[in-house]
Amino acid sequence: MSRKILLSPIFQNSEFDSNSRRRGLDELSEFGELVHYNRELSGEDAEGVIGVIANSAWIHESFYDAAKDLRIVARWGVGYEKVNLDLATQQGVIVTVAPEHLDTVAEYTIAQWMATLKRLFTLNRLSHEGDSSIIRTFEAKGSTLGLYGFGRIGQAVAQRAKPLLGEEGRLLVYDIRPDIQELAREFGAEAVDDPEHLFKTCDTVSLHVAGDETIVTYDHLCCMKPQASLINPSRGNLVDDEAANRAIREDRLFYYVVDDPVNGPREVHKDHPRIICTNHNAGCTRESAIRLDMRTMGQVTDALEGREP
């Protein structure tokens, strides 16, 4: 039985080809056959597998039960939700993440914040439709930005946003972490006790929360200013899509930006001019892909050579 290392579909994406990737894959191939996969992993995929560089697809119990030689699952990115961490641990399988895209997602957030304030998506549409109207736009300076979630990415956003807000602007943050008051002060931000306060007060709210449970409902969106925008660079399921679509149609807020493709529950947003979907691309740049490649291939190599990744 040949030994195999399963590779996330990202390794077949020529947009992120690099010399570093090719060298790393050559070195990894010394441990076993490199096999690309593009589906949820189950028992039928497990034979001979010693390592996985995983995307965000589900890894089922049957895979762990059948993959007797499996040493490591290295996530090309972050998030354990679909890896089945408890099952992996029970089977003695190491699970790692690669938080190499923090700055990348922070930059994406700032870019979308600016784009929504400046109404770039609307102006582009109007221009292509032959409408040369001058419309009202907004400045970041003196505005109020809310960050729902203040982990490493939220902090990276805060670091970039604070100079743009200026002395008159406000940065509000919500997080359940016990040190949030002290941490917020370090970044010149104000911690709030209720996420509803963010939606009522802020000109823009950006979500930076782990997990896949819905935390933003129609009631939250109805609290927003009609000129405000919601940015979701995290997980699409954090926001009730039907509620977001309804709220935009009712002019409860102006834009909803979500870093997910228009499929599944987000199919409802198809062709909506003020709901912006970006294919889960927020964390993917040429530079971040190289860092993610190197981190995950190094983690697999360490595990297969008996070292702690």
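Strand β7 (residues 170-174) and strand β8 run parallel and are joined by 2 bridges, and within this pairing V173 has A191 of β8 as its bridge partner. The model is a predicted one, in which local features need pLDDT of at least 70 and side-chain atom pairs count only at pLDDT 80 or more, while totals for chains, interfaces and linings use all residues. Residues are numbered from 1 along each chain as its sequence is written, and side-chain values use heavy atoms, with hydrogens and water left out.

**Sheet and packing helix**

- An open sheet is formed by 7 strands with parallel pairing, in the order β8-β7-β6-β9-β10-β11-β12, where two strands pair if DSSP finds at least two bridges between them.
- The edge strands, each pairing on one side only, are β8 (190-191) and β12 (275-277); strands (E, at least two residues) and helices (H or I, at least four) are DSSP runs numbered from the N terminus.
- Helix α10 (residues 241-249) packs on the sheet, touching β11 (255-258) and β12, with contact meaning heavy atoms within 4.5 Å.
- The direction of α10 makes about 150 degrees with that of β11, on a scale from 0 to 180 degrees between N-to-C directions, the axes being lines fitted to C-alpha atoms and, for helices, over the stretch in contact.

**Aromatic pairs**

- A search of the whole structure finds 6 aromatic pairs; rings of Phe, Tyr and Trp (its six-membered ring) pair if their centres lie within 6.5 Å, and planes under 30 degrees apart count as stacked, over 60 as edge-to-face and the rest as tilted.
- Y148 and F199 form an edge-to-face pair, at 6.4 Å centre to centre and with 70 degrees between the planes.
- This pair links distant parts of the chain, 51 residues apart, with Y148 in strand β6 (residues 144-148) and F199 in helix α8 (residues 195-201).
- Both Y148 and F199 are buried, a term that means under 20% relative accessible area, with exposed over 50% and partly exposed in between (1.4 Å probe, protein chains only).
- F150 and F187 are likewise paired edge-to-face, at 5.3 Å centre to centre and 85 degrees between the planes.
- F150 lies in the loop between β6 and α6 (152-165) and F187 in the loop between α7 (180-186) and β8, 37 residues apart; F150 is buried at a relative accessible area of 0%, whereas F187 is partly exposed at 22%.

**Ring cluster and charges**

- F121, F254 and Y255 are linked into a cluster by ring pairs.
- The charged end of R119 sits over the ring of F254, 3.9 Å from its centre, and the charged end of R274 also sits over the ring of F254, 4.8 Å from its centre; the criterion is NZ of Lys or CZ of Arg within 6 Å of the ring centre and within 35 degrees of the ring normal.
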